[in-house]
Structure formats: C-alpha cells, structure tokens
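Subject: Handover of a structure

Dear colleague,

Please find below the structure that I am handing over to you. My notes on what was found in it follow directly after.

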Amino acid sequence: MPHDHPDHDHDHHDHDHDHDHGPFHHEGMSPSGHPYRHDNDSPLTYWQRMEIAVRELLIDKGRITAAEIANQIEAMDARSPTNGAAVVARAWTDPAFKARLLHDASAASREMGFDIGPLNLIAVENTADTHNLIVCTLCSCYPRNLLGLPPDWYKTRAYRTRAVREPRAVLREFGLDLPANTTVRVHDSTADMRYLVLPARPAGTDTLTERELAALVTRDSMIGTGLPLRP
Amino acid sequence: MAERVRVKALTPPGHVRAPWYLRGREGVVERSLGNFHNPEQLAYGLPAETKPLYRVRFTMAELWGPAAENPTDTLDAELYGHWLEKARTHAA
C-alpha cells in the first residue's frame with residue numbers, strides 16, 4: 001500500500017530504480033505514490049462572491065477594518081482543544097469547580113478566563129456507568145470558542161447520521177468498545193446549546209498536577225469519541 | 001418534572017430545527033433551557049419572538065424500535081416548545 005506510512009520505504013529506500021516501474025506505481029499517482037489533485041483555480045462560487053462583496057462593502061463604508069477581520073480570523077484559529085482541556089483538568093482537581101461546571105458550563109469557563117462569547121455551554125459527565133457522545137445532526141454545531149474548529153469527520157454525513165443511530169458501532173471504529181452495561185447518552189446539538197464531555201479522570205493520576213492532567217485530555221475525549229490518555 | 005412529551009409530526013416548509021428523525025417520537029423533558037429567539041424566523045432575517053427551549057431525552061428503543069443498537073441508550077436533543085405536545089398515554 002502506497003500510504004502505509006509506518007514503513008514508507010517507497011520514499012526512502014536507497015536503491016535507485018525508477019519509482020514508475022516499482023511495485024508501488026499506480027495510475028494517476030505521483031512518483032512518490034500520492035494522488036494528483038487539481039489546482040483549485042475554478043471560478044468563485046455564488047457564495048464566495050457574496051462574501052467578498054459584503055466584506056468589501058463593510059470595509060468601504062467604514063463599519064469594520066481589514067485588520068479587524070484578520071485579527072478575528074487569527075483569534076478563531078488560535079482557539080484549540082487545550083482550552084477545553086484546562087477546564088476539564090480544573091474540574092478533576094477542584095470539586096467545587098466541577099459542581100459549577102456541571103451547573104453552568106458557560107459561567108465556569110468564563111471564570112477560568114476563557115472568552116467564550118455568547119456560547120451556551122452544557123458539560124455532560126462521563127461516569128463509571130455512563131458515556132456521553134456529542135453530535136450535530138443538522139449541521140456542525142461545536143463548542144468552537146472552547147475547542148477550536150471541529151475535526152472534518154465531525155461534519156460528515158456519515159458521522160452525523162450514524163452517531164445517533166449506532167453510536168456504539170461508531171465508537172468501536174474510534175477504538176472505544178464500551179461494555180453493554182455502560183449507558184450511552186448521545187447529545188444532538190439541535191439548537192442554541194453547545195456540549196462539552198467531561199471525561200472521567202484516568203486511574204493512576206493522583207500525583208499529577210493540574211497542568212499534567214490537562215495534557216492527558218484529548219479533543220476526542222471532550223467530544224466523546226475517545227478517552228483521556230493514560231499517564 | 002419528568003414531563004412526557006411528543007414531538008409534533010409536522011412537515012412545514014422552510015427552516016426548522018426539529019430533526020426529522022425525532023418527529024412523532026415521545027420522550028421526557030430532561031431540563032428547561034429558557035427562552036431563545038425562534039430560528040424559524042431568524043433564518044429569514046425576520047423579527048423573531050422568543051420561544052421556550054427544552055432538552056428532551058428519548059430512548060433508542062423509542063427512536064429506532066427493534067433496530068435499536070441498545071434499547072436503553074438515550075438521545076437528548078434541544079426542541080422548542082412549539083414543537084412539543086403532551087404525550088398521549090400509551091393506549092395500546
């Protein structure tokens with residue numbers, strides 16, 4: 001398989017016969033075994049033209065500056081799952097904070113200094129007998145202010161349709177095989193709320209600091225498609 | 001407090017936020033979320049009245065019947081009050 005990265009020897013082997021005649025050659029593949037892709041030089045779509053027109057009008061009329069737009073894009077790109085991980089680690093180490101998080105996750109996140117804007121956040125807790133999974137069947141609702149941009153798979157029709165119908169099969173494909181006596185609770189973000197899974201604290205972490213704990217909290221563990229790392 | 005509700009089995013035109021797979025299904029109100037502007041008007045740039053929003057919990061058995069992967073697993077979704085009606089008590 002040309003994309004079998006663990007043994008990538010088709011890229012790095014030191015004998016010098018032509019790749020095109022080597023065992024990994026496929027029609028339509030580059031010499032290094034990757035598919036050729038078209039340059040994206042097709043015409044703008046209707047909505048791309050609309051976005052440019054509205055943006056330029058807003059700038060022309062002095063309602064907003066190009067620098068403000070660039071800054072906002074940078075701020076959006078800078079958000080990452082480390083923000084959510086810090087919230088989770090705080091909840092693991094501070095029972096009073098955890099209670100506040102489960103009561104009002106927006107207020108608890110702001111308390112930690114995260115600017116989450118108007119986000120209405122609900123935290124759902126994984127316990128010994130409950131596992132939570134987040135999906136947005138209607139579009140791609142995701143707690144971006146706390147976790148950054150959603151992964152591409154979160155927005156696919158496959159994930160959105162299957163997560164509500166066969167969540168256990170989906171979780172197995174993510175490497176999570178839940179026992180039958182664990183209750184799976186799927187949360188469909190259909191309206192104004194966004195969801196954060198509060199994963200269970202892994203065993204063997206009693207001596208770790210809050211910062212060390214945060215490093216164990218993966219993005220997927222806060223969506224519910226994974227568990228935190230083990231120390 | 002665990003009020004049993006049914007999602008109205010309506011098919012109105014336009015932008016709605018009640019997913020098709022929940023229409024006509026019964027669940028219990030998990031919590032009330034307060035009032036939010038109605039997205040069915042917001043989507044068209046119209047002045048939007050506020051509507052009460054609820055989280056409703058369904059069992060997988062209720063949603064998928066015998067095809068349910070695990071009947072007692074649950075699905076929670078947010079639904080606006082005008083999409084909910086009191087559940088009819090199971091007559092069968």
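Two residues are said to be in contact, or to touch, if their C-beta atoms, placed from the backbone, lie within 7 Å. Please note that this is a predicted model, in which local features need pLDDT of at least 70 and side-chain atom pairs count only at pLDDT 80 or more, while totals for chains, interfaces and linings use all residues. Residues are numbered from 1 along each chain as its sequence is written, and chains are lettered from A and ligands numbered from 1 in the order in which they are written.

I begin with two individual residues. Gly224(A) is found in the segment that follows α11 (219–223) of chain A; helices (H or I, at least four residues) and strands (E, at least two) are DSSP runs, numbered from the N terminus. Because Gly224(A) has 28 C-beta neighbours inside 10 Å, it counts as buried. The term buried requires 20 or more other C-beta atoms within 10 Å of a residue's own, exposed means 12 or fewer, and partly exposed lies in between, with C-beta atoms placed from the backbone. Beyond its neighbours within four places in sequence, Gly224(A) is in contact with His131(A), Asn132(A), Leu133(A), Ile134(A) and Val197(A).

Arg17(B) belongs to the loop between β1 (4–7) and β2 (26–37) of chain B. With 19 C-beta neighbours inside 10 Å, Arg17(B) counts as partly exposed. Residues up to four places away in sequence aside, Arg17(B) touches Leu138(A), Thr190(A), Ala191(A) and Pro39(B). Its C-alpha atom is separated by 7.6 Å from that of Glu40(B), 23 residues apart along the chain.

Next comes the sheet. Seven strands form an open sheet with mixed pairing, in the order β2(A)-β3(A)-β4(B)-β3(B)-β2(B)-β1(B)-β5(B); two strands pair if DSSP finds at least two bridges between them. The edges are β2 (130–135) of chain A and β5 (84–86) of chain B, each with a single partner strand, so one side of each has no neighbour in the sheet. On average, neighbouring strands of this sheet are turned by 35 degrees against each other, direction ignored. Helix α8 (residues 157–165) of chain A packs on the sheet, where it touches β2 and β3 (183–188) of chain A together with β4 (74–80) of chain B. The direction of α8 makes about 150 degrees with that of β2(A); axes are lines fitted to C-alpha atoms, for helices over the stretch in contact, and angles run from 0 to 180 degrees between N-to-C directions.

Within chain B, β2(B) pairs with β3 (residues 50–59) in the antiparallel sense over eight bridges, and His37(B) has Thr50(B) in β3(B) as its bridge partner. β3(B) and β4(B) run antiparallel and are joined by seven bridges; here Phe58(B) has Leu75(B) in β4(B) as its bridge partner. Three bridges link β1(B) and β5(B), also in the antiparallel sense, with Arg6(B) opposite Glu85(B).

Finally, the largest nonpolar core has 55 residues. Such a core is a set of buried Ala, Val, Leu, Ile, Met, Phe, Trp, Tyr and Cys residues joined through C-beta atoms within 7 Å. Helix α4 (residues 81–93) of chain A gives the most to this core, with seven residues. Val88(A) is one of those with the most contacts inside the core; residues up to four places away in sequence aside, Val88(A) touches Leu198(A), Pro199(A), Val217(A) and Met222(A).

Yours sincerely
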